[in-house]
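The following exercises are to be worked through with the sequence and the three-dimensional structure at hand. Each task is followed by a solution in steps.

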Amino acid sequence: MQINASMLARTRAEEHDADVWGEFFIPPYFDRLDLTTATKSAYITGKRGCGKTMLLKYFDYHTAFSKRRTDIPEDAIEHVGIYWRVDTQFCSSLKFRGIEENDWSVIFECYFGLVIATELLHAVQVIAESAYPKFAVGELTALSLPSAADYLPGAPAGARELVHHLESLRRKFTTWVSNVKAMARPLLPPGRDFILSLIKDLRRLPALSKLSVFVYVDEVENLVQYQRHVLNAFLKHSQRPLIVSFTSKEHPSDNATTGPESINATHDYRLVDLDNLLTLTGAAMPFFAEVFLGNLDIAAGETASDRLNVVRSQARLADRQKLTYQREVVAEMRSRFPQLSDKQIATNALQTPALRESLYRRIGKALKDRRSHLATEDFVTNGVPADALVTLPALLNRETLLPDNVLAELKKYTSDRNGSFASSWVHNNLFGALLELYRPFARECPLYSGFDTLCSMSNNNLRNFLILCYKTLEVAELRDSAEPPYSVDIQCRAAYDASEQLIKEIRTFGRFGEQLRVFVLRLGSIFRALQASPAMSEPEQNQFTINSGGRALQADELDFIAEALRFGILVEQLETKSKSGVGQDIVDYQLNPIYAPYFQISYRRKRKLEISVEQFHTLIMGNEDEYRDLARGLARQLSEVDALQLGFL
C-alpha cells in the first residue's frame, strides 16, 4: 500500500479544508448529540485533541452541502451550520483605546452579526451549487434580500452582490479598528436583528422555507469577557431559525449576559461533554483503531474502501457497536502494534548482556548494603524465572524483607511457582522493576509499546493517539521497516520521540505556556526520582494531591491548575485512599500519561505523592534553587549516588 505520509501528519482539524466530507469518521457517541434536530443551544466541551473542531466542520455548511456529496436529503436545509473559529488576536483588539466597554459591546455584537450574515450568504451559494435537490443556481440568481437596505442604505438586494457588499464593509471595519482615532466608524447593522431579517427574506422562497441556521462558535473561552457576555445573550435567546452554540475546552464558568440575566444549563443550553461521552460509550479503543486505519486508506488513495464506507456512514453506527466488529478492528491494530507481556519483556531483558549485567550488579550492591552473607550467585541460578530475578533489587533493598527469606521464596517460586513471588511480589513490582532496569536506556523501554498501551498513554485523546501512531510509522520508515507489524523497539523509540515533541509543544499553550512546560519537566523529574528509589516502595507514582499546608490555594495557583487541566497537562481524578488515613483528599492530579515515555515513568494510574500547598507553589512558581530544595526533600529516600545522577545534589 503506497502511503501519502503528508496526509497522516495532519493531526489537527485546522490542517484540513473547510469541507471534510469523506474525512470525518462518525464517533461512537454521534447518535447522542442530536445537534441537527436541536431546539436550543449546545455548549460542547472537551480537551484539545478530542475532536471538537472536526465535529463542527462536519456540521458546517461546507461539508453538509459538499460538492463531493452526491445525495443530500431535503431536510438538510433545517440545519445549516456555520462554524466560526474565534480570531483571538483581532477580537482582543476590540477594547480600550478611548472607547468605553459598553460601546465596544455594541460594536462586537454588530461585528459578529456582520461575520455570520456574510457566512450565511456564502452558505446559500454553496447550497445552490451542491446536489441539494430543491435549490439550484437559477433560484439563487433570482433571490432577493430587500431587508438589507433597511440596515445598510444602498445595500444591494441580490445574494451575490450583497456578499461582496458585506465583505467590503468588513474590510472597512477592520481598517477602522486599526485606526480608531484616525477615521470615522463605519455603519454596521445590528447583529441579531440583521441576521434574522436575512433569514426571513430567505425563508420567503418555498425551497428555503424551513431554513434554520446553527452557529457554532469555537473556543469561546478565548474571547474578551464582555464579548463572552454578548454571545451569552445570543445563546440565551436562541431558538429556531437562529441558534448559537459554543465549544470550549472547559465547562462554562462565565454565565453573565449583557443584561441582568445569566445563562444556565437547565433552561438555556444543553451541556455536551465529548470526553465524557466517549468514556460512557466504552468504544474509545475501537474508534481510535478505525480512525487510524481509515486514514491509512485515505492516505493510500483508497477513498472508497469498505472500511471508510462504514465509518463515514451515520446509518452504519449500530453495526460498528457490535462486539464482533469491535474485536476485529482492535485485533487488526494489535497485529500492527504488537505488545509483549511484562514477563516476556523480563525474559528478553536477561538475554541482553548490558541489561543482565546491570541487574546482577544491582543485586550484588543490595546484598552488600544489607551486609548479607549471601552473594549474587545464590540468587542467579539455573531455572530461576526472569520475572522474579528482575524484581530482586527492589525486594532486597527493603528493610522489612530479610535476604535469606527472599532467597527462600525465590526457590519456592522456581520449583513450584508458589509463595510470595506468585501471590504478590511479581504482580506488584514487575512493571516498576522493568522501568528501573531500562531507565538508563532511556529511549528503548518496551513497556511503551503495543496498541493497548498507546491507547492508555493517549488518555482517551484522539490527537495524542494519532501522534503516537504516526511517529511509529516515521521511525519505522527511517529504519527501513515501513511495513507492519512494527517491532517493539520501533514503537518505544517512537513513544519517546512523540512524548518529547508534545512536551516542547507545551510552551505554545496560552498565557502560561512556558510556565506549564517547566512545571511538567519538574514534576516528571520528581516522579522519575521517586520511581528510581532502590527499594521501590512507591514504584509507580505519577499523580499528586494537595492535602496539607498552612493556607488555602491562592487565586494565581488555582488559575494555573485550571490552565493545566484545560490543556490536558494534568488529568483530574476522583480521590483515592489517603496514605496517612487522616482526613480526606479533595482531588488527585495525574500527570498526563502521554509524557511518561520522556521521563521513563509509569503511565498507569497507581500511586500518588502527597504535597502541601507551599510545596505546590514552589513547584509551579519557585526558582531553580527553591525547586532543587523541594526535590531533595521529596526524594529523601534516594541514595546519594542516585540523587546525584538525577540532578538533586
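Helices (H or I, at least four residues) and strands (E, at least two) are DSSP runs, numbered from the N terminus. The model is predicted, so that local features need pLDDT of at least 70 and side-chain atom pairs count only at pLDDT 80 or more, while totals for chains, interfaces and linings use all residues. Residues are numbered from 1 along each chain as its sequence is written, and side-chain values use heavy atoms, with hydrogens and water left out.

**Exercise 1. Describe the protein chain as a whole.**

Step 1. The protein chain has 30 helices and 9 strands.

Step 2. Along the principal axes, its C-alpha atoms fill a box of roughly 100 × 60 × 40 Å.

Step 3. Of the 649 residues, 54% are buried, where buried means under 20% relative accessible area, exposed over 50%, and partly exposed in between (1.4 Å probe, protein chains only).

Step 4. Contact means heavy atoms within 4.5 Å. Among contacts with a separation of 6 or more, 74% are between residues 24 or more positions apart.

**Exercise 2. How do H26 and H28 pack, and which residues make the contact?**

Step 1. Two packed helices are described by the angle between their axes and the distance between the axes. Axes are lines fitted to C-alpha atoms, for helices over the stretch in contact, and angles run from 0 to 180 degrees between N-to-C directions.

Step 2. Helix H26 (residues 555–566) packs against helix H28 (residues 613–621) at an angle of about 65°, the axes being 11 Å apart.

Step 3. H26 contributes Asp556, Glu557, Phe560 and Ile561 to the contact, and H28 contributes Val613, Phe616, His617, Ile620 and Met621.

**Exercise 3. Characterise two aromatic pairs.**

Step 1. Rings of Phe, Tyr and Trp (its six-membered ring) pair if their centres lie within 6.5 Å; planes under 30 degrees apart count as stacked, over 60 as edge-to-face and the rest as tilted. The structure holds 37 such pairs.

Step 2. Phe292 and Phe337 have ring centres 5.6 Å apart and planes at 70°, and therefore form an edge-to-face pair. Phe292 lies in helix H12 (residues 284–299) and Phe337 in the loop between helix H15 (323–336) and helix H16 (342–350), 45 residues apart. Phe292 is buried, with a relative accessible area of 0%, and Phe337 is buried, with 1%.

Step 3. Phe519 and Phe560 also form an edge-to-face pair, at 5.3 Å centre to centre and 85° between the planes. Because Phe519 lies in helix H25 (residues 513–531) and Phe560 in helix H26, the pair ties together parts 41 residues apart in sequence. Phe519 is buried, with a relative accessible area of 1%, and Phe560 is buried, with a relative accessible area of 1%.

**Exercise 4. Locate two cis peptide bonds.**

Step 1. Arg240 and Pro241 are joined by a cis peptide bond with omega of about 15°. Pro241 is in the loop between helix H10 (225–236) and S4.

Step 2. The bond from Pro484 to Pro485 is cis, with omega near 0°. Pro485 is in the loop between helix H23 (462–478) and helix H24 (488–505).
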